[in-house]
Amino acid sequence: MFNGLVLGALLALISSGLTIIYGTLGVLNLAHGAMFMIGGYAGYLTFTATGSFLLAILGGALFVMVLGIVMERVIIRHFYGRPHEDQILVTFGLSIVFVEAIRFSFGSLSYSVPPPPWATGVTSLGFMLYPTYRLVVVGIVAVALLALYLVLYRTRLGMIVRAGIEDSVMVDSLGINVFRVFMVVFGIGAMAAGFAGIVNAPVVSLTPDMGEMILVQTFVVVVIGGVGSFPGAILGGLIAGQILSITSMINPGYAYVMLFAAMTLVLLIRPRGLMGLRSRD
Amino acid sequence: MKPAPRSQRRPFLVEGLTALGLIVAPYVLPHLGFAPNTVNQILVWGLFGLGFDLLFGFTGLLSFGQSAFFGSGGFIAAYLLTQDMIASVPLALLIGTLGAMAIGVLVGLIALRRTGIYFAMITVAIAEMFYFLENSPLSAWTGGENGIPGVPTPKIDFLVSWHVGTGWSMYWFLALCYFAGIVIALRIVRSPVGAILSAIRDNPLRVAALGHSVGAYKLTAFVVAAGYAGFAGGLLGVLQGFMPPDAFSFDTSGQLVMQTAIGGVGTLFGPLLGATVWLFLSDFLQTALHLGSAWKLVLGIVFVLLVCFLRHGLIGGFKDLHRLIFHRAEIDVEAPEEAPVPVVAKAVALPARHREGDLDSGTILTATGLSKRYGGLLANADIDFTVKVGELRGIIGPNGAGKSTFFKMLTCEVPPTSGKIVFEGRDITGRSVTEVCQLGLTKSYQVNQLFSRLTVRENLTIAALADLRGKFRLDLFSNLRKVAGLEERVEQALELVGLAARADTMVSALAYGEKRRLEIGLALATSPSLLLLDEPLAGMSPRERVETVQLLKSIAKGRTMIVIDHDMDSLFELVEWITVLQEGRVLTEGTPDQIKTDPVVREAYLGGVHEP
């Protein structure tokens, strides 16, 4: 249950990033998993340079945000007018470039970041002992999701983003500089993945290919929750986390099959996802 | 008559050139530094890509999950062969292919519930599930991470004795398979199904509205692609003597997508060319430039640049270059601003369908108590509406009166909130737009819904096929040009809407007025017994309007029509009876003269100014 909560919280955060990018820009970012992976590596570098875990989180998240903004400005921007398929192809190509660049620089060996000293060891929850850091992860991710929620629902930018998810043409015609909003959203979305990447680093060690797995899980989360829906991403993330961890306890081989079965079930009953919007398809 | 396109004059040109290329390849490629094993792999990937190109290039469905079928077909064939259950390699390959197709049906039924990016995401997830299935739950059969070693090479002792070895010997076996693959793919592309698939890529909603079962055709393309993948997967095992588990990996799907995009989407040969470039670069970068593991990074960068700058892959690039050099003069002449409607010399009457017993009753359509509610908005409220056989009816009403919603309900594009629609004595309430079109009721759209990447003739062909073939038929291997009655029907429709001179022009190059006429032509070519026209005159110049009214009059012979338009003068001239809608209700009905002088109608249009 707790493992599921940790995984679910992480998936919720990453999926939120993917879903707000898609919702606002209409672009499915296949490099989102690579963003998660790079967040981990950037955090690792910061950690080895400074020795501070908090700085590592900051470094990982900020680096990926900058990377996201650069990616949007240099490449993605030219794809808004092109078919979805082209957007998917280019982000897929970028994901390969990112993964291979990391493999080239770091090799295929795995790296790990130790949890901060104040969060090592185990904590007694009364009924079971549990690694302290994993509890911390749930806390950190909850704070990050809260921050994302506040940005989306309590700021002017968030209002524009949510309006853009409903109808981006209308927002454009209201005289709001959509391009700048797009850039910021892409940055924030990427940062969500990067942040999750470094927070997860002490739990699962870093490899160049770790993003691919996460990307696929994120897709399932988003399909379950409904593309473009922030609450849907969180709900979907938590559900997916539970499914994966509970099935893993019984038989790890079937974890993925169950996750997929849940996705199929949602597709059959509610093709738009649990909290899907009607406006986009 | 215009001369037929080149491909029509030389029917087997492409097949012949492919055969020639495959025969010559082993004598040429070694001099370019290709090892036989590399060439063999190119063929396997090219074959894999044939199906994918039919799915993505022709039907517009981007699947990132083809590895599921590649792996399934491969492992089924390899398992049968290594367990000595089947000795014949071709038979095992066939069973593997059929197995992959069966899985394709199941996966397709789930994945095709959604389109666009959803479809891409779902296929990724499903393929990843197969990877996990192979790795643990099914590892007793698949060997888990070790795969299946010891896959034999083909030994054929039927009619001829042919024991295939490795290297170039294997090449001839694979080349034969590839050739069979391309012949089948070409037949599919040239079949009625192929034509409909390209139309689905352009505008699936209109294909459905023209009476084709889009879901069934998409599933067909998906299953065909799965079959090609399964066959290629089996060949991979035979080629390597070992069935690797990474056939199931996401990388396999990704590599296929990239190779197809590099070569050129929608060309059939794109995947083969893409695989050639991919495997050549992989060899070249790793051995000649000593890049080691960085080769994939270089390839990734090349791919991103290619997607950015060469939108139709290498083959598309060659075509553009060729056109630029040799055909500069042939670039489509800019469509005239205002295209005159050629006068229809002979009255070509496109037949309207007459069904049993429908003419006796006198009414063709009855709607009773039809209402549509969108949230708090009542778009149509309790409309009663009857049209007689052979009538030419007009519907007018101010903006927002619910005219288009009313049409959408009649053609079953949207279900009514309440009420009942009876067409030719049949209750059609709640049927699909496809079924209703098949019954002989269709409409032309207010906003053009054409297949912009097809020619005028191809557009009308899609519409005519709906009536001639029904909503779904699996004639994958019959020739489009041999469909009985098709050519006459298309020629008649071309003649009728005055586009015969523009028959082989791309729709995207048509003038606006011409597109409007084609829009009517599409609806007409399904030979409806009841034709609805939603603002056929919208956006036309005064002269085009006059000409189009004449066109509509000639269409109306022997047919029942309902026309919505805002152009009162044209409509008053055209129709016999007018229904006025206001705020979702029927305000009044009458002859054009009655409506012209009706004070209630004037008030509806000019606003509630009550004279004292």
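Modeller: Gladly, and let's begin with burial. A residue is buried if 20 or more other C-beta atoms lie within 10 Å of its own, exposed if 12 or fewer, and partly exposed in between, with C-beta atoms placed from the backbone. Please keep in mind that this is a predicted model, where local features need pLDDT of at least 70 and side-chain atom pairs count only at pLDDT 80 or more, while totals for chains, interfaces and linings use all residues. Residues are numbered from 1 along each chain as its sequence is written, and chains are lettered from A and ligands numbered from 1 in the order in which they are written.

Biologist: Why is Ser527(B) called buried?

Modeller: Ser527(B) has 22 other C-beta atoms within 10 Å. The definition asks for 20 or more, so a count of 22 is enough to call Ser527(B) buried.

Biologist: Where is Ser527(B) found?

Modeller: Ser527(B) lies in the loop between helix H21 (512-525) and strand S11 (530-534) of chain B. Helices (H or I, at least four residues) and strands (E, at least two) are DSSP runs, numbered from the N terminus. Ser527(B) also has a positive phi, near 45 degrees, in a residue other than glycine.

Biologist: What makes Leu268(B) buried?

Modeller: The same rule applies: 24 other C-beta atoms lie within 10 Å of Leu268(B), so Leu268(B) is buried. Leu268(B) is not a glycine, yet its phi is positive, at about 70 degrees. Leu268(B) sits in the loop between helix H12 (250-263) and helix H13 (270-288) of chain B.

Biologist: How many of the residues in chain B are buried?

Modeller: Buried residues account for 50% of the 612 residues in chain B. Chain B contains 25 helices and 14 strands.

Biologist: Why is H19(B) called oblique to H20(B)?

Modeller: Helix H19 (residues 456-469) of chain B and helix H20 (residues 486-496) of chain B have axes that come within 9 Å and cross at roughly 125 degrees. Angles under 35 degrees count as roughly parallel, over 145 as roughly antiparallel, 65 to 115 as roughly perpendicular and the rest as oblique. The angle therefore makes H19(B) oblique to H20(B).

Biologist: Which residues in H19(B) meet residues in H20(B)?

Modeller: Among them are Leu460(B), Ala464(B) and Leu468(B) in H19(B), and Val490(B) and Ala493(B) in H20(B). Two residues are in contact if their C-beta atoms, placed from the backbone, lie within 7 Å. The contact of H19(B) with H20(B) has 8 nonpolar, 1 polar and 2 charged residues. Here Ala, Val, Leu, Ile, Met, Phe, Trp, Tyr, Cys and Pro count as nonpolar, Asp, Glu, Lys and Arg as charged, and the others, Gly among them, as polar.

Biologist: What are the domains of chain B?

Modeller: Chain B is divided into domain 1 (35-325) and domain 2 (358-606), with bounds that come from an automatic or database domain assignment. Their centres, taken over C-alpha atoms, are separated by 43 Å. Domain 1 of chain B gives 23 residues to the contact and domain 2 of chain B gives 29 residues. On the side of domain 1 that touches domain 2, H9(B) supplies the largest share, 7 residues.

Biologist: How many residues does the contact take from chain A and from chain B?

Modeller: The contact takes 35 residues from chain A and 34 residues from chain B. On the side of chain A that touches chain B, H4(A) gives the most, with 15 residues. That side of chain A has 24 nonpolar, 5 polar and 6 charged residues.

Key: Axes fitted to C-alpha atoms, helices over the stretch in contact; angles between N-to-C directions.
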